[in-house]
Every structure is written in C-alpha cells, then in structure tokens.
Amino acid sequence: MRLIPNRAWAATILFTAFAVLPFLAVALDDSYLVVIASRILCYAIAALALDLILGYGGMVSFGHAAYLGIGAYAVAILSRAGITDLGLHMLAAIAAAAVFALVTGAISLRTRGIYFIMITLAFAQMAYFFFVSLSAYGGDDGVTLNARSTLFGQTILEDDTALYYTVLVLLIGLYLLAVAITRSRFGRVLTGARENPVRMQAIGFSPFRYQLTAFIISGCMTAIAGVMLANQTSYVSPAFMNWHRSGELVVMVVFGGIGNLLGAVAGATIALLLEEWLAVLTEHWPLLFGLILVLVVLYSRDGLSGLFRGRR
Amino acid sequence: MSLLEVRNLRKSYGALKVTDDLDLSVEEGELHAIIGPNGAGKSTLIAQLSGQSGSDGGSVRFDGTEMMGRAMHRRVRAGMSRSFQITSILPGFTALENVASAVQARSGSSFRFFSPVAEESALNDQALAALDRVGIADRAFFNAGSLSHGEKRQLELAIALATRPRLLLLDEPLAGTSGAEADRLVEVMRGLKGAVTLVLIEHDMDAVFALADRISVLVYGRIIATGTPDQIRDDPQVRAAYLGEEEGT
Ligand SMILES: Nc1ncnc2c1ncn2[C@@H]1O[C@H](COP(=O)(O)OP(=O)(O)OP(=O)(O)O)[C@@H](O)[C@H]1O
Ligand SMILES: [Mg+2]
C-alpha cells in the first residue's frame with residue numbers, strides 16, 4: 001500500500017501546504033499560527049541537516065544543538081556590533097559552524113557508535129558552557145535582540161509572515177540541496193561508508209574525508225537554522241545548545257523516519273505540533289509524547305514515512 | 001624485479017606467530033596460488049599485504065615501491081586490490097551500484113555534490129561489463145544483500161575486478177559457490193591470466209592445480225615450498241605437511 005507515490009510528490013504536497021498556511025492563518029485570524037509554523041520550519045532545517053549525516057552517513061550526532069546556538073549567537077554578536085544584514089549573519093554563522101564542525105568532527109570521527117554519540121555530546125556541552133560564561137552576552141540568561149536581521153537594508157523580517165516565507169524558502173532550498181547531495185557521487189561514498197567502511201577502503205576510498213565533509217555541511221545547515229530561530233524568537237541564550245535540544249533533533253529524525261530527508265521535515269513538524277497540543281492537554285505531556293514515539297518506532301522502522309508506505 | 005616482493009613479514013597475535021618471517025615473490029603476469037591448512041595464516045597474509053591490518057615488521061614492495069605503512073585505500077589506488085574470504089559487499093546497494101562504486105573510486109573526484117551519480121553511464125557501463133564477466137549481469141538491479149551466497153561471491157570478484165588492479169589478491173573466491181558458479185569463476189580467473197597478476201588462496205585443489213603457474217605452501221605462518229604445480233605435487237615436505245593430510249581425511 002502506498003498512499004503517496006514518491007518522495008517528490010510528498011515533498012510538493014508538504015511544502016505547498018506550508019506555502020498556503022499564512023493564508024489559512026489570516027482566514028482563521030490566528031497570527032500565532034505563523035509564529036509556531038516559523039519555529040517548526042527552523043527545526044525542520046536542523047532535522048534535515050541532522051538526517052543527512054545520521055541517516056545517510058550513520059553518524060549519530062548528539063550535539064547538533066551546538067550549531068543552532070552558533071547560528072543564534074552569530075546574530076546576537078553581529079547585531080550588537082551594528083552589523084544587521086541577514087546575509088552577513090548567515091556567512092558568519094556558516095563560517096563559525098564550519099570551523100567548529102571541522103575540529104570536533106575530525107576528533108569525533110576517530111570513534112564509532114556510542115563513543116561518537118558521547119563525544120559529540122561532550123563538544124556541544126563545551127560550547128554550551130562557553131556561552132554560559134560569556135557574560136557580555138548575558139551568560140546564562142542570554143540576550144534579547146533589539147531587532148531582527150535586515151534583508152538588503154530593509155527591516156522587512158520584522159513582519160512575521162515575511163520571516164516565515166524566508167525560512168520556508170531556505171528550507172526548500174536546503175532540502176533540494178540535501179536531496180542532490182545524497183544522489184551525487186559524494187552521497188554514494190557517504191552511504192557506502194555507512195553500509196560497510198572496510199569495503200569502501202578496499203575499493204580505494206578513505207571514508208574519513210567524506211564523513212568529515214558531510215559533518216561540516218550538516219553543521220553549517222544547522223547553523224542557518226539557528227540564525228533563523230534567533231530571528232524568530234528575537235532572543236538568544238545558551239539554552240539553544242542545551243543537550244535536551246540535541247536529543248529533540250534526534251527524536252525528530254527518528255520520528256519522521258531515518259534517511260529520507262523529507263521524513264525529518266515531517267518529523268520536526270509533527271513533534272512540535274504534538275508538543276503544542278499535548279502541552280495544552282496536560283503538563284505531563286512529555287510522557288504522552290514518549291508513548292507516541294515508542295509506538296511509532298515499534299510499529300514502523302521508517303518512522304512516520306514508513307506508516308504512509310505501510311509496514312515492511 | 002618481481003611485481004610483489006615480500007621480505008621478513010611478521011605478525012603475531014599474542015604468543016601466536018601468524019606470519020613468521022615470511023618471504024614471497026610474485027612475478028608480473030603469473031597466477032601464484034597460496035595453499036595451506038586451515039589457520040595457516042593465509043587470510044592474515046592477505047590482510048597484511050592489502051593494508052587492512054598492520055604488520056609487526058618486514059617489507060612489502062609493490063612494483064618497487066614500499067607499501068608498508070600505507071593505508072588500504074592508497075594501496076588499492078596504487079593497483080593492489082583484494083577480495084574477501086568472508087563476503088564484504090554493500091548490502092543496501094544494488095549489485096550494479098556495488099561495482100559502479102569501485103569504478104567511481106578510480107574515475108575522477110568523488111567530491112561532486114550536485115549531479116546524480118546513477119546517471120553516469122560511464123560508471124554504469126563498466127560496472128555492467130564486470131557483472132557480465134562474472135555471470136550475474138541479470139542481477140544488476142537486485143539489492144546485493146538479497147543475492148544468493150554464490151552470487152555474492154561472484155559480485156565480490158566483480159567489485160575487485162572493477163578497481164582495475166595490476167595485482168589481485170583473491171582470498172578463497174570459490175568458497176561456498178555451487179558447481180556452476182565455481183566453473184564460471186575459474187573461467188574468469190583463467191581469462192585474467194597474463195593480463196592481471198593474481199595471488200590466489202584456495203582450498204579447491206583441482207582449481208589450484210589447473211590454474212596456477214606457481215604455488216607456495218604456507219604452514220604455520222611460513223612458506224615451506226614454492227614451485228610449479230608438478231614440483232609441489234612431488235615435494236615430500238609438502239606431502240607430509242599438507243597434501244598427505246588432505247588425502248588422509
Ligand atoms: N584478530 C585475530 N586475533 C587473534 N587471532 C587471530 C586473529 N585473526 C586470525 N587469528 C588466528 O591466526 C591464525 C591464522 O588465521 P587466518 O585466518 O589467517 O588463517 P587462514 O589460513 O586464512 O585459515 P582458513 O583456511 O581457515 O581461512 C588462526 O589461528 C587464527 O585463529
Ligand atoms: Mg582464510
């Protein structure tokens with residue numbers, strides 16, 4: 001049974017739904033809808049980035065929230081220095097994330113399995129405590145942004161709908177980029193190294209270089225999510241890189257179905273929606289959420305995307 | 001000068017000397033079989049030659065260049081490929097993708113991120129030719145993990161061939177294949193003779209004596225004899241250490 005014929009169709013449907021959502025918000029006169037949807041899209045970018053290395057590269061990073069934080073602090077730090085342009089915020093975030101990913105990835109990739117998970121977590125915690133100790137930027141409390149980033153010198157992102165569409169365009173662009181990468185020569189080596197690293201070496205590849213490159217690409221994409229998330233909340237604090245948040249990103253990927261990119265987008269969407277709804281129902285919502293996650297993982301190894309395809 | 005020159009190669013696992021001061025020369029173009037009882041250290045030798053495992057000492061010269069200390073993927077790029085006794089494939093890839101990956105490894109950079117690799121016909125055509133050569137072209141679009149054991153052995157050889165090696169180290173390519181599959185693989189190896197230098201580890205003595213130009217006998221990590229098939233068949237030391245044992249069982 002296949003309700004949705006293929007991923008391209010599913011992506012078209014999902015992204016079209018996101019594109020028309022602001023109109024629905026107007027019709028319902030519910031401006032909060034756009035705010036929560038923007039948040040969802042930011043996390044969708046981060047989950048997509050994580051799925052690229054987790055699903056295709058077999059690298060379970062438990063420290064990806066660090067890149068959200070790096071992106072967010074790039075906005076805070078540059079804004080205070082009087083640089084407000086979104087493009088420059090992005091560039092700074094990407095550059096900082098690339099350096100962090102290069103250094104921590106090169107060390108983490110010397111390990112496998114649970115050790116890789118722990119070491120990525122440890123590096124993220126180091127980043128977390130670095131920003132906690134950064135008293136110029138509020139330490140533990142973080143800083144409130146006076147204004148959102150500017151686009152071509154204009155303050156249009158102050159409008160929630162404009163911000164929403166900016167994040168949506170970024171998500172679609174990065175989704176298409178991620179799909180292209182997974183189908184490319186590079187993507188084949190990355191996937192092959194996950195399947196059987198010794199085999200890849202025996203045909204002449206050194207998996208490390210490809211894995212590290214993917215790790216850096218993923219970190220940079222997540223930092224872009226961090227830039228947009230800071231703009232969405234107009235507030236930046238070390239909580240962006242809390243290890244809970246790294247865990248939530250992994251949950252989103254698993255929830256949506258590991259290794260198909262669109263699942264990560266769907267996983268982020270449904271995880272955050274459930275969080276919203278369940279939180280209204282009961283303060284013990286994490287319990288319910290946990291239960292739902294257990295059921296999804298038990299009944300479909302491919303997460304929610306697997307449910308659409310029926311059980312294997 | 002020999003294509004492969006191994007001198008004083010050593011490796012121990014704890015107190016067990018698995019490769020014990022081993023010397024071996026393989027001439028360009030020959031098919032050099034290595035036989036020996038179970039646990040003699042044949043697979044360990046292949047692992048050391050290919051760079052999969054380290055060595056405790058000695059020298060491995062390939063085409064005059066010292067390979068010791070070079071990683072496996074660099075030895076492959078230099079022209080030394082191997083197959084595995086225990087099938088090692090990419091189970092989630094199709095058979096074609098398995099072989100195309102090996103073609104890709106030697107055809108230009110793999111730091112290409114945008115164009116779909118599945119549409120690179122240069123890779124696919126060569127991969128299909130290798131599959132055809134080992135006799136499983138009809139399995140090209142099957143998941144490698146779903147192939148039968150014998151077909152996986154054929155795929156294993158196709159992958160190794162696709163790296164276009166000058167020296168091919170084959171670790172029991174016939175193990176676990178059916179009669180027809182084994183015949184096919186023997187034919188493939190016969191076809192390779194002369195064009196590719198082959199080191200063949202094999203327990204199937206009919207295949208070894210039919211194919212080999214020279215045979216080395218490995219016992220307890222040492223080569224106790226090297227010679228033509230006739231010389232080896234008549235060597236009393238070999239008969240005592242190995243062939244006699246075979247006849248006894
Ligand atoms: N990783 C290891 N650690 C400890 N001992 C090992 C290891 N690998 C191999 N050995 C031992 O080294 C010896 C040689 O093993 P090897 O696999 O090289 O033999 P082989 O000649 O290929 O045998 P077979 O014909 O059964 O394939 C055996 O006694 C084996 O138990
Ligand atoms: Mg063996």
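Biologist: How do you know which contacts in chain A join residues at least 24 apart in sequence, and what is their share?

Modeller: This is a predicted model, so everything here is computed from its atoms. Two residues are in contact when heavy atoms come within 4.5 Å. Take the chain A contacts between residues at least 6 apart in sequence, and 77% of them join residues at least 24 apart.

Biologist: Why is helix α7 of chain A, residues 185-195, described as largely enclosed?

Modeller: Buried means under 20% relative accessible area. In α7(A), 9 of the 11 residues are buried, so the rest of the structure largely encloses the helix. Among them are R185(A), F186(A), R188(A) and L190(A).

Biologist: What do those buried residues pack against?

Modeller: In chain A, α2, α6, α8 and α9; from chain B, α3 and α4.

Biologist: What makes S184(A) a cap for α7(A)?

Modeller: A polar contact needs an N or O pair within 3.5 Å. A side-chain oxygen of S184(A) lies 3.2 Å from the backbone nitrogen of F186(A), at the N-terminal end of the helix.

Biologist: Why is S109(B) called partly exposed?

Modeller: The label covers values between 20% and 50%; S109(B) has a relative accessible area of 35%, so it qualifies. S109(B) sits in the loop between α3 and α4 of chain B, and its side chain reaches the backbone nitrogen of F111(B) at 2.9 Å, inside the 3.5 Å limit for a polar contact.

Biologist: Which residues have the most contacts inside the largest nonpolar core?

Modeller: F15(A), V99(B), L131(B), L155(B) and L168(B), in a core of 161 residues. Helix α2 of chain A gives the largest share, 17 residues. For L155(B), the residues touched include I89(B), V99(B), L131(B) and L147(B), leaving out those up to four places away in sequence. There's also a second, separate core of 21 residues, with I46(B), V60(B), F62(B) and M80(B) among them.

How values were computed:
Residues numbered from 1 in each chain as written. Chains lettered and ligands numbered in written order. Predicted model: local features only at pLDDT ≥ 70, side-chain atom pairs only at ≥ 80, totals over all residues. Heavy atoms only, no water. Core = buried A, V, L, I, M, F, W, Y, C linked by side-chain atoms within 4.5 Å. Buried < 20%, exposed > 50% of the residue type's maximum accessible area, 1.4 Å probe, protein only. Helix = DSSP H or I, 4+ residues; strand = E, 2+ residues; numbered from the N terminus. Polar contact = N/O pair within 3.5 Å; in protein donor to acceptor, adjacent residues only side chain to side chain.
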